[in-house]
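Let's take a walk through this structure together. Please have the sequence and the coordinates open as you read.

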Amino acid sequence: MILSIESSCDDSSIAITSLTNQLIFHKKISQEIAHSKYGGVVPELASRLHLQALPKILEETIPYLEKLKAIAVTNAPGLSVTLNEGVMMAKALSISLNIPLIGVNHLIGHIYSLFINKDEIKDMMVLLVSGGHTKILIMNGYNNVKEIASTIDDSFGESFDKVAKMLGLGYPGGPIIEQLAKKGEAKIKFPIPLKQSNEIKFSYSGLKNAVRLAILEGKYSKEDIACSFQKAAIEHIIMKLKKLFKTTTPKNFAIVGGASANFILREEIKKLSQQYNFKLFYPDLSYCSDNAAMIGRVGVEMYKNGDFCSYKELKAYPRVEFQSYQ
Ligand code: KG4
Ligand code: ZN
């Protein structure tokens, strides 16, 4: 079995995964309420809360400790101070149990959320939409991930968080805006970002500013603003995917990351899958947001490849880049 730890942002989570890919134990303590009044994650507060939550969850794993073969931990990318909480705990466990350490890339973890409790890993093109990232990636195994596109400013999930903050609705903004949008109409025609550009890249800061100006006008309901913003935010992704699919149509395509829980986004990409004839995958709703089960699933593959890291080498890297896809 492998014990995995996730603390890259505001979720403290530990999982135990068998080497036959079965999720045996999984627990997560989220900090959403603590950060809600600030409209976003406060790193220092998040770090202190991990320090309380991780040992609490670890206590529940004591019956499994002697069966462990390795410790896997998210060590990149994420908030430096919160990544370090998980990395420190992983090092302490690895030394005291005398078992190897595995450093896992959080973004690859999101892709592997598709394979929790499954044996087969499929190669695919992936849309990763989370609070920190908006990327199109090509994944041929955990150690062969290339980037097709990324955002030049804010991410998709972050733009929902910022719109919710501007409307005084709390954090995380994604689920709040999605629910509110159901009661509104897309009355405001927000500009679709980078509409005239043929380049495959994303941008959300201009749309965020347009929402800010619409709020200042004071003549629209929060529901209509949420609905109009969500429509434009998703249309931006769909337009870029259509441009990409003209030259590169995938066989398998997946949507992963916290914002992959968005039902409208899933439905719009489902339409593309029929139009462009690809197989569409997304994680179970319970594994869209940050969790240690996805880190454990990558951990099992890395364990089988002997992909370990010494406790002196393992470091937290707040930013990491993928090679670009030619
Ligand atoms: O993957 P995740 O849990 O954390 C990061 O790695 O960033 O993603 C969290 C992000 C937040 O920005 C949240 O507002 C967004 O995902 N999110 C959504 C939805 N649910 C979560 N965005 C849009 N629609 C949703 N339903
Ligand atoms: Zn994440």
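Predicted model: local features only at pLDDT ≥ 70, side-chain atom pairs only at ≥ 80, totals over all residues.

Residues are numbered from 1 along each chain as its sequence is written, chains are lettered from A and ligands numbered from 1 in the order in which they are written, and side-chain values use heavy atoms, with hydrogens and water left out.

Let's begin at the metal. Which residues coordinate the zinc ion (ligand 2)? They are H106 (NE2), H110 (NE2) and D290 (OD), at 2.0 to 2.1 Å. Donors here are N, O and S atoms within 2.8 Å of the metal (3.2 Å for Na, K and Ca), and water is not among the atoms, so sites may look incomplete. Along the chain, the donors of this zinc ion follow the spacing H-x3-H-x179-D. Because H106 lies in helix α4 (residues 106-112) and D290 in the loop between β10 (279-281) and α10 (292-304), the pair ties together parts that are 184 residues apart in sequence. Helices (H or I, at least four residues) and strands (E, at least two) are DSSP runs, numbered from the N terminus. Both H106 and D290 are buried, where buried means under 20% relative accessible area, exposed over 50%, and partly exposed in between (1.4 Å probe, protein chains only).

H110 also leads us to ligand 1: a polar side-chain atom of H110 lies 3.0 Å from an oxygen atom of ligand 1. The backbone takes part too, with a polar atom of G131 at 2.8 Å from an oxygen atom of the ligand and a backbone N or O atom of G157 at 3.2 Å from one.

Now for the open space. The largest pocket holds about 1400 Å³. Its lining has 50 residues, and S130, G131, G132, H133 and D161 are the closest to its centre. A pocket is an open set of points on a 1 Å grid over the protein atoms alone, where a 1.4 Å probe fits, with protein on both sides within 12 Å along at least five of seven lines; lining residues have an atom within 4 Å of a point. Helix α5 gives the most to this lining, with seven residues.

How much space lies in the second largest pocket? About 280 Å³. It is lined by 16 residues, and N105, I108, Y142, N143 and M302 lie nearest its centre. The elements that give two or more residues to this lining are β5 (101-105) and α10, and β5 gives the most, with three.

Finally, visit two serines. S18 sits in the loop between β2 (11-17) and β3, and counts as buried because its relative accessibility is 10%. Its side chain makes a polar contact (a pair of N or O atoms within 3.5 Å; within protein, one must be able to donate a hydrogen and the other to accept it, and residues adjacent in sequence count only if both atoms are side-chain atoms) with the side chain of T20, at 2.8 Å. S47, in helix α2 (residues 43-59), is buried with a relative accessible area of 8%. A polar contact of 2.9 Å joins the side chains of S47 and E85.

Key: Points joined across faces, edges and corners; volume = space filled by probe spheres on them.
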